[in-house]
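I opened my notebook and decided to look at one thing at a time. Here is what I wrote down as I went.

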Amino acid sequence: MFVEIGYIAIGVSFALSTYISIASLVGGIKKIPELIVSARWGLYSLPFLLLVAVIALVNAFITNDFSVRYVAENSNLAMPQQYTWVALYAGNAGSLLFIAIVFSLLAVAAILSIRKSLPHSTPYALALMALVLTFFLGIICFMANPLERLPITPADGQGINPLLVHFGMFIHPPVQMTGLVSVTIPFSIAIGAMLAKRGGRDEWVDIGRIWGMISWLILTMGLLLGSWWAYTILGWGGYWAWDPVENSALMPWLAMTAFIHSIMVQKRRGMFRMWNMVIIIVAFTLSLMGMFINRGGPVPSVHSFAQSTMGWLFLMFMGVSLFGSLIAFLLRMDNLISRDKLESLLSRESMFLFQNVLFLIAAFITLWGSVFPVLAKVINGTTVTVGEPFYNVVVGPILLIILVVMGIGPFFPWRRATKSNIYRAIRVPLAAGILTAIIIIAVGIRQPLATLAFAVCGVAAAGIFNEWFRGTRTRMRKGEPVWIAFTNLITRNRPRYGGYIVHLGILMLAIGAIASSFYSTQQDITMQPGDTYEIGGYTLSYLDSYQRKYSDRDEFIGEFKVTKGNKDLGLMYPKQSFYREFRINATHAAIKSNPIEDFYIIPSEFSNNGEAIFRILLNPLVWWMWAAGPVMAIGTIFALTPQKRISVRLISKEEENKRNL
Amino acid sequence: MLVLIAIIMTVIPAAIILYPLIRRIGSTELLKDESSLTAELNRRWESVVAGLRTAELEMSIGNLSEEDYHWIKNTYAKETAQIMEAMELQDEEEEELMKSLELEIKKVKIESVDGKLSGDKS
């Protein structure tokens, strides 16, 4: 009966969200406060209804209720109980329900945060959020209900996709899906303000920036967790393959990165009003594109577990929302004329604009690379693969220029700067960059592109540390002790210094990516138990191999003893699991990771006599990429923490006279 | 049982959305306007303060020369003056509006009291 209750909850949620979108829009247009409050209260009750549906589905998983189609397709008796959570969003219907509940919670939080500061824009923003929710709930109700019953109950289910049986799956898919759908919040706030004929006075900018940064952080974490999952479970030694689904998450991230920077210009100078609207529309469209590709889009991908035939619905919704947003934009363009103009090309504003353009170019090239194979197939009937070499050649240099801009951009003051000023501000970072290049060449690294990339990272890192040093020193001159001076420096301008912390995270990510892309060592070796092999200063001894049988899979495990010099690094167990039902081989790499390099063993093939083929990789500095995640999270949260505001209140003449007395 | 639960699950959200309509809740909903001049002036004031703070910081750490700093400071000072002037004007307008409103209210009160008195007499 629990399942039926959940079923009803989904139906009521759909009806309710339809009502919210209509009531809110009508309330906003006709200025009927009661209708607006009614729609808002309706939104507050939505998460509870969806929670009932989620509990019903979780209960069906826990009780192995295989009469529910989704449970039968995504779990079996052998599935470890803790993977019930993963199974919830392992397939298309469940992931849509997950997106719906997460989005309803985000929408509630967003509406609570804007309803007092943006009373006239809120009804429109709410209507847009509810419209997106109605779309998801409509699909769940009519096309992919995770609580749908089967006519005949099977004795056991098909089981969860083996690739999802990994710790990373507890967090990567939910964070990634939340990230994609969270772009809707700043989009709704911005477009809501525009529809309400607000926005021309930057009303929505403060709160839009906050939600933009929250969305950016979730997208960043989703991308990093996905890379970590690919690195540890997919067993090919890499973390990023320019797979269409990876690209689909990267594109909105690029657009959102552009947005959270350019919104600062609008906040400070009342400029880029149209530009910011365009960027947030692009980001929202790309996030829908991401969901489209993920959910049965036409591009083949490693993320096939979430595929369905309803990708085209997402494409249609994307087209309609893009068309609608552009029409609204064109109709309200007159209201979005900038307050100020660019005063100089040598200014922070210009750097933001330049960086924005680069981000958007990178996003569109990635989009082009992702959809080109499909277009080629449709137009010419030819099969074209756009892979890593294309992106490395085309997107790689753009990302490098973005790193340069990230390094030197913060030295450009707002409004205008003189050349001598800029030179004075960047001479230390430039010297550090040259020194980095010299050191890299001196240690024997001769690849020009890698040297250049590291030098750019040197410029950016030196710039940040140099500014921290000079800022602290200035405060120390006023008599503050070093730590107090440093703390005061960064806490009194949180958006700026939070941003620097995020930039440090990006640099850590870049250093890991550059080092592992250019200097990774790879060796395929065939070994018998008892064999020893030396690579990059490591000695690995293949001790033995085992085979274990489980109800759903056969596991082949290799046992290695690894030493580096005289240091014993312990035992390593790379393994391969063959899932009989799915006919899938899941490879679990064994990794010894430290800040210098990762020692990575992937089993390729096991034979009965114990002989096996292994791929050994030495990936330098990859550890820094995973460490970058928490750094970026800390930086973003720090930048978002509220700061004391200096408000102005004019005093009346009588008050002034009283004070003077 | 299932029918009862279905009814409850439908009735509760329906009651939640109907309550504000029946009780006419939300009269203060659209009173404040984010696009009002006061709100705009406050935002501009905050952005000028932030700009001045940043310029001072940039100057102290050497990103900004004395000359550029003074130019930026003067520009912001002009903006500050404009904002304060606008605020003052608005305050005066508001004060006048309030005074005229008070006068109107007084008039209405006097008229109603007079009306009552004349009614009593008749």
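**Entry 1: the model and its domains**

I noted before anything else that this is a predicted model. Chain A has domain 1 at 1-165, domain 2 at 167-360 and domain 3 at 521-622.

How far apart do the C-alpha centres of domain 1 and domain 3 of chain A lie? I got 42 Å. The two domains do touch: domain 1 of chain A gives seven residues to the contact, and domain 3 of chain A gives nine. I sorted the domain 1 side by class and found three nonpolar residues, four polar ones and no charged ones.

**Entry 2: where chain B meets chain A**

Next I checked the two chains against each other. I found 46 residues of chain B in contact with 50 residues of chain A.

Which elements of chain B give two or more residues to this side? My list reads helix H1 (2-23), helix H2 (37-60) and helix H3 (66-121) of chain B. H2(B) supplies the largest share, 14 residues. By class, the chain B side that touches chain A comes out as 21 nonpolar, 13 polar and twelve charged residues.

I moved on to helix packing in chain A and picked helix H10 (residues 244-269). I took its pairing with helix H11 (residues 273-294) of chain A to start with. The axes of H10(A) and H11(A) come within 8 Å and cross at roughly 165°. Angles over 145 degrees count as roughly antiparallel, so H10(A) is roughly antiparallel to H11(A). I put the crossing down as left-handed. The residues in this contact are 18 nonpolar, seven polar and one charged.

Then I took helix H13 (residues 348-379) of chain A. Its axis and that of H10(A) come within 9 Å, with a crossing of roughly 160°. That angle makes H10(A) roughly antiparallel to H13(A). H10(A) passes H13(A) in a left-handed crossing. Here I sorted the contact residues into 14 nonpolar, nine polar and two charged.

**Entry 4**

In what order do the four strands of the open sheet in chain A come? I wrote down E1-E10-E9-E8, with antiparallel pairing. Strand E1 (521-527) and strand E8 (590-593) of chain A are the edge strands, as each of them pairs on one side only. From one strand to the next, the twist averages 15°.

I zoomed in on one pair. E1(A) and strand E10 (residues 612-620) of chain A are joined in the antiparallel sense by seven bridges.

**Entry 3: a hairpin in chain A**

My last stop was strand E6 (residues 575-579) and strand E7 (residues 584-588) of chain A. They run antiparallel and are joined by five bridges. Which residue of E7(A) stands opposite A:Ser577? I found A:Ala586 there.

E6(A) and E7(A) form a hairpin, and four residues sit between the two strands. I checked the turn as well: A:Arg583 has a positive phi of about 55°.

Methods
Residues numbered from 1 in each chain as written. Chains lettered and ligands numbered in written order. Predicted model: local features only at pLDDT ≥ 70, side-chain atom pairs only at ≥ 80, totals over all residues. Axes fitted to C-alpha atoms, helices over the stretch in contact; angles between N-to-C directions. Parallel < 35°, antiparallel > 145°, perpendicular 65-115°, else oblique. Left-handed = near helix turned anticlockwise from the far one by under 90°. Nonpolar A, V, L, I, M, F, W, Y, C, P; charged D, E, K, R; others polar. Domains from an automatic or database assignment. Pairing = 2+ DSSP bridges.
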